[in-house]
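Me: I am new to this structure, and I would like to learn how its pockets and helix contacts can be read. Could you take me through them step by step?

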Amino acid sequence: MPQTAALHRPPPRTVPRQPVGELLRAWRKRRGFSQLDLACEADISTRHVSFLETGRSQPSRTMLLHLAERMDIPLRDRNALLAAAGFAPVFSEHGLDDPEMRAARRAVDLVLTGHEPHPALAVDRHWTLVAANRAVAPLLTGAAPDLLQPPMNVLRLSLHPSGLAPRIENFAQWRTHILHRLTRQIDVSADPVLAALLGELKDYPVPDGQAPRSRGEPLSSHDGVVVPLRLRTEAGTLSFFSTTTVFGTAVDITLSELAIEAFFPADLATAEVMRQALSR
């Protein structure tokens, strides 16, 4: 049968590419730079910055990468800048299971395993779980199964009323910390997926039994220094503080967006419970 319909199908719609000058201006403003600030950072004239942003001058590949470096633009968005100016992308993007990433994946696994008996996990730029050590799973007991299915978002799991939220003793404090951290990440990256996640997390109801800390409640020794995570478990309340590790010299997009969240015991009782749990 002749396929005449295909002959009259309208061409696919294409989204107009944003001019590179507009992208540069948007990133400059996002970083809180004036044109003079950026000119001083990049050691060029303010007039040159203005001409690049208005399109009166076309940036070279080297200049784009130089400006992106001075504004600390994420690698993924540096590729977008290059594409907007008609250049090929510079930074590769591989999955962690690709052969090119074998050494990096081994490094991630070594860090996670080496942190045992304390929990540690690796997440991507959207807080999706990439890997975790053996100490993480026991802490997730009681969370709704659908929240634990891949792709598992660790922020959603943390604040969802069917996740860890009902067992977090300092829920209000922890929630404020998470939302503030995510807001800062959005300010830096302008990632729409993270913005949607922030809106979702803000809409979660407060779990039964949870309430903001009262003014009369005494502060722990960690308040004002780090925000602890106090989690009720069958072994009692466990208290952790966390650190974040990133690959500081990454030139691959996937690796540059990977973060390792390592949790340390905030008291001796937590350290002992974790040591005994993993030795069984």
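**Pockets and a helix pair**

Reply: Let us begin with a pocket lining, where α10 gives the most to the largest pocket, with five residues. Please keep in mind that this is a predicted model.

Me: Which elements each supply at least two residues of the lining of the largest pocket?

Reply: They are α6 (75-84), α10 (171-189), α11 (192-203) and β4 (236-246). The lining of this pocket comprises 32 residues, and those nearest its centre are P74, Q185, V188, S256 and E257. By class, the lining of the largest pocket divides into 16 nonpolar, five polar and 11 charged residues, while the space inside comes to about 1000 Å³.

Me: How much space lies in the second largest pocket, and which element gives the most to its lining?

Reply: The second largest pocket holds about 360 Å³ of space. It is lined by 16 residues, with P138, T233, E234, A235 and A277 closest to its centre. Two or more lining residues come from each of β3 (229-233) and α13 (268-279), and α13 gives the most, with five. The classes in this lining are nine nonpolar, three polar and four charged.

Me: How do the axes of α2 and α4 cross?

Reply: The axes of helix α2 (residues 20-30) and helix α4 (residues 46-54) come within 6 Å and cross at roughly 125°. In their contact, G21, E22, L24, R25 and R28 of α2 meet L52, E53 and T54 of α4, a set made up of two nonpolar, two polar and four charged residues.

Conventions:
Residues numbered from 1 in each chain as written. Predicted model: local features only at pLDDT ≥ 70, side-chain atom pairs only at ≥ 80, totals over all residues. Heavy atoms only, no water. Axes fitted to C-alpha atoms, helices over the stretch in contact; angles between N-to-C directions. Helix = DSSP H or I, 4+ residues; strand = E, 2+ residues; numbered from the N terminus. Contact = heavy atoms within 4.5 Å. Nonpolar A, V, L, I, M, F, W, Y, C, P; charged D, E, K, R; others polar. 1 Å grid on protein atoms, 1.4 Å probe; cavity = no way out; pocket = protein on both sides within 12 Å on 5 of 7 lines; lining within 4 Å. Points joined across faces, edges and corners; volume = space filled by probe spheres on them.
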